[in-house]
Amino acid sequence: MAKCDICGKGAHFGNAVSHSHRRSNRIWNSNIKTVKCKVNSVAKTMHVCTRCLRSGAVERA
């Protein structure tokens, strides 16, 4: 569910590297918020990342 409905930004995967250089899998989740937006002059609930909210890519209802 952690995917932006506007730009498609989602989770990133990689390795957590400890001090002894042992690697384990980890995940970086995007900052996704559930907001009510205007889509074709109708209020709709969408999952939007904070970058799209800050840039004005969506109009809040």
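Reader: In which loop is the place of His21?
Author: This is a predicted model, in which local features need pLDDT of at least 70 and side-chain atom pairs count only at pLDDT 80 or more, while totals for chains, interfaces and linings use all residues. Residues are numbered from 1 along each chain as its sequence is written, and side-chain values use heavy atoms, with hydrogens and water left out. Phi of His21 is near 70°, a positive value in a residue other than glycine. With helices taken as DSSP runs of H or I of at least four residues and strands as runs of E of at least two, numbered from the N terminus, the place of His21 is in the loop between β1 (12-17) and β2 (23-28).

Reader: In what order do the elements of the protein chain run from the N terminus on?
Author: The protein chain has one helix and four strands. Read from the N terminus on, these elements run β-β-β-β-α.

Reader: Which residue in β4 is the bridge partner of Ile32?
Author: Strand β3 (residues 32-39) pairs with strand β4 (residues 42-49) in the antiparallel sense over eight bridges, where pairing requires that DSSP finds at least two bridges between the strands. Within β4, the bridge partner of Ile32 is Cys49.

Reader: What relative accessible area does Ser41 have, in the loop between β3 and β4?
Author: The hairpin of β3 and β4 has two residues between the strands, and Asn40 takes a positive phi near 55° there. Ser41 also has its place in the loop between β3 and β4, and the phi of Ser41 is near 60°, a positive value in a residue other than glycine. On a scale where buried means under 20% relative accessible area, exposed over 50% and partly exposed in between (1.4 Å probe, protein chains only), Ser41 is exposed, at 72%.

Reader: How far is the sulfur of Cys37 from the closest cysteine sulfur?
Author: A disulfide is counted here for a pair of cysteine sulfur atoms within 2.5 Å, and by this rule the count comes to zero. Cys7 is in no disulfide, the nearest cysteine sulfur, that of Cys4, being 3.7 Å away, and Cys7 counts as partly exposed at 44% relative accessibility. Cys37, by contrast, is buried, with a relative accessible area of 1%. The sulfur of Cys37 is too far for a bond, because its distance from the closest cysteine sulfur, in Cys4, is 9.2 Å.

Reader: How many residues make up the largest nonpolar core?
Author: A nonpolar core is a set of buried Ala, Val, Leu, Ile, Met, Phe, Trp, Tyr and Cys residues joined through side-chain atoms within 4.5 Å. The largest one includes Cys4, Ile32, Cys37 and Cys49, and β3 and β4 each supply at least two of its residues. Leaving aside neighbours within four places in sequence, Cys4 is in contact (heavy atoms within 4.5 Å) with residues including Ile32, Val48, Cys49 and Cys52. The members of this largest core number nine.

Reader: Which residue's backbone oxygen does the side chain of Ser30 reach?
Author: Ser30 lies in the loop between β2 and β3, and at 15% relative accessibility it counts as buried. Not counting residues up to four places away in sequence, Ser30 touches Lys9, Gly10 and Ala11. At 2.6 Å, the side chain of Ser30 reaches the backbone oxygen of Gly10.

Reader: What radius of gyration does the protein chain have?
Author: Along its principal axes the C-alpha trace spans about 55 × 20 × 15 Å, and buried residues make up 18% of the 61 residues. The radius of gyration is taken over C-alpha atoms, and the globule rule is 2.2 Å times the number of residues to the power 0.38. A compact globule of 61 residues would have a value near 10 Å, but the protein chain has 16 Å.

Key: Polar contact = N/O pair within 3.5 Å; in protein donor to acceptor, adjacent residues only side chain to side chain.
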